[in-house]
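Please examine the sequence and the coordinates displayed below.

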2 protein chains.
Amino acid sequence: VTSTRAIENVVVFGGGAWGTALALVAARAGRQTTLWLRDPDVAAAIRDHGRNERALPAIRLDRSFAVSTDLAVAAKADLVVVTVPAQSAGGLLRALAPFLSTATPVLVAAKGLEHGTRALMTEVVAREIPGAIPAILSGPSFADDVARLLPTAVTIAAHAMTQAERIAAALGSASFRPYASDDPTGVQIGGALKNVVAIAAGIVAGKGLGASARAALTARGFAELNRLGRALGANPSTLMGLSGLGDLVLSATSAKSRNYALGVGIGQGQPIEALTGAGAKLAEGAYTASVAIELAAAHGVDMPISTAVAAVLAGQLNVDAAVENLMSRPLRREGP
Amino acid sequence: VTSTRAIENVVVFGGGAWGTALALVAARAGRQTTLWLRDPDVAAAIRDHGRNERALPAIRLDRSFAVSTDLAVAAKADLVVVTVPAQSAGGLLRALAPFLSTATPVLVAAKGLEHGTRALMTEVVAREIPGAIPAILSGPSFADDVARLLPTAVTIAAHAMTQAERIAAALGSASFRPYASDDPTGVQIGGALKNVVAIAAGIVAGKGLGASARAALTARGFAELNRLGRALGANPSTLMGLSGLGDLVLSATSAKSRNYALGVGIGQGQPIEALTGAGAKLAEGAYTASVAIELAAAHGVDMPISTAVAAVLAGQLNVDAAVENLMSRPLRREGP
């Protein structure tokens, strides 16, 4: 019964730019919305001043949603939205599990594959909260574009189309357009792998090789994203949609993408440790790259770009050799 | 016999940036190269000063190729390369026909569909020079990236793979990598339609709708490029390759693309006549849009983005209505 009634209460977990933007989205769509975050100071500042100064300083939040630091707010959720980084999602979901009623939709809005287990985010939900309805939100959507009410289109996928449509209807508004899909695998492979390709595109740009070279690399990156997705059972049309190609186009061309920016830094010769260590902005693709090549090996898929990115990040391949690898392949036929 | 021997003499037609860059490419690949152009003053300046001041002022040409204003230079060509705009290709080819020996490969490096006939460039070659071997060069390649020796990868397609490989081998070098394909239809639909999508992406950017919206539109544009390509018999993997997706990524994100720049101007509210009239830079997509929707209608393919672009360019739809059309479609399932 709970799985088909209309969604009224939405609780968004994670007080970064993305969580704050999605809390705004839910509120604008007319939902009773609560943003959960860990830091009591940030929570107090949002409550008292209507701004998340750290994550989205330019955006007035107008008290359109409640704020809490208590995980127990999950208990009232008709829809849980998880916006913490992919590698932290498992821990948060485990902590949430006791508070959730059966058949609550849990929508993950993080893009990545879990280290160690190689699990998709929907698989992490199913593992940590067996009674939940796992769903994923992905697509080309910078948090500040979303928060500024600029038109944004994303994909929301669940195993059952009716669930995806129910969640999409709960979050959709004039500026934020979620499209429903029943292909969570395709949506997640696109969202995770585009970050790895964006790092590679950034490396090429950081080396000063020009927009033509970056575009060629992006097309090859999309081809390898496709190969892995198909091997894992993704629908090819999902990979060509918003959450695959659309998000890749955004991430592989914009300095606002953390993954692309990481690649630019690497291409310019900055030390990897400084770019990925403590204090650096989290670039999810840095984690996903090595998981992707494990998956590729397990499924017999050739992924030269992800392999090169993972090797550079692991300090096993220098940047010049990687670029040589990526750009100067022998003259031969073009293939899928 | 002539169709399989190695290519030694290359004659490139068209003295713009692209023709000049491709003459450099052929010379660097070790071919005896001649650049034909119409304007005797530009020809003299290239000969005397080693620069094409109008088209590629920053590039030293180093007398690496000969220059001529005489169409009869075609007679010595083992390979003809045509770089004039798509709508002018038919006229030039007709003028060249008397000079060419049978079975000369004629490689068109223009992206567009011929107005009136809806013909692909390879079809224009076959019509104007029935004995020639039609071929097409396309892919993400700004002329100045190519001329500056930055790494560039493109596709060269002919109906016979052996011919495509022969031409690719004649033009390939360390920085310029042509991949051979036997799918000229797929290569040309990608190259022509990406210009139309780039105009649409530019309109969205010019209206200030943000990079997320532009990326979503680009993904939808790629989907409609795919639909038309498949209806015309293109190989889907060609459309996902350098000459389709790769070139789309370049054109739909860069102000250096004339088509994107045209869209930005339209989105900013500049008058269409000023952007496309005499004196304006040629944006091939402005011609291709209307041909594409004729083809789409003939093949029963839905192309809302190209339709909107064509209507805006024809003055039949204002920009705000077009953007509303493009961005705010009803919430529904995502499909191919």
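How many residues does helix α7 of chain A have, and how far does the helix reach from its first C-alpha to its last? In this predicted model, α7(A) runs over residues 184–206 and has 23 residues. Its reach is 33 Å, close to the 33 Å expected at 1.5 Å a residue. The helix is mostly covered, with 21 of its 23 residues buried. Just after α7(A) comes Gly208(A), where phi is positive at about 75 degrees.

Chain A contains 15 helices and eight strands. Its radius of gyration is 20 Å, close to the 20 Å that the globule rule gives for 336 residues, so chain A is as compact as a globular protein of that length. The C-alpha trace of the chain spans about 60 × 40 × 35 Å along its principal axes. Of the 336 residues in chain A, 62% are buried. Among contacts in chain A with a separation of 6 or more, 70% are accounted for by residues 24 or more positions apart.

Gln32(A) belongs to strand β2, which covers residues 32–36. Why is Gln32(A) classed as exposed? Its relative accessible area is 53%, and the class requires a value over 50%. Apart from neighbours within four places in sequence, Gln32(A) is in contact with Glu8(A), Asn9(A) and Val10(A). Val11(A) is 21 residues from Gln32(A) in sequence, and the two C-alpha atoms are 8.4 Å apart in space. Gly116(A), by contrast, is placed in the loop between β5 (105–108) and α4 (121–128) of chain A. This glycine is exposed, with a relative accessible area of 71%. Gly116(A) and Leu137(A) are also 21 residues apart along the chain, but their C-alpha atoms are separated by 23 Å.

Asn226(B) is part of helix α8 (residues 211–231) of that chain. Is Asn226(B) buried or exposed? Its relative accessible area is 3%, and it is therefore buried. Beyond its neighbours within four places in sequence, Asn226(B) is in contact with Met240(A) and Leu239(B). Helix α3 of chain B (residues 86–96) has a buried set made up of Ala86(B), Ala89(B), Gly90(B), Leu92(B), Leu93(B) and Leu96(B). Their cover includes strands β1, β2, β4 and β5 together with helix α4 of chain B.

The last topic is backbone geometry. Most residues other than glycine have a negative phi. Leu149(A) has a phi near 70 degrees, a positive value in a residue other than glycine. This leucine lies in the loop between α5 (143–147) and β7 (152–158) of chain A, and it is partly exposed at a relative accessible area of 45%. In chain B, Leu149(B) likewise has a positive phi near 70 degrees. Leu149(B) is found in the loop between α5 (143–147) and β7 (152–158) of chain B; its relative accessible area is 46%, which makes it partly exposed.

How values were computed. Residues are numbered from 1 along each chain as its sequence is written. Chains are lettered from A and ligands numbered from 1 in the order in which they are written. This is a predicted model: local features need pLDDT of at least 70, side-chain atom pairs count only at pLDDT 80 or more; totals for chains, interfaces and linings use all residues. Side-chain values use heavy atoms; hydrogens and water are left out. Helices (H or I, at least four residues) and strands (E, at least two) are DSSP runs, numbered from the N terminus. The radius of gyration is taken over C-alpha atoms; the globule rule is 2.2 Å times the number of residues to the power 0.38. Buried means under 20% relative accessible area, exposed over 50%, partly exposed in between (1.4 Å probe, protein chains only). Contact means heavy atoms within 4.5 Å. The expected span of a helix is 1.5 Å times one less than its number of residues.
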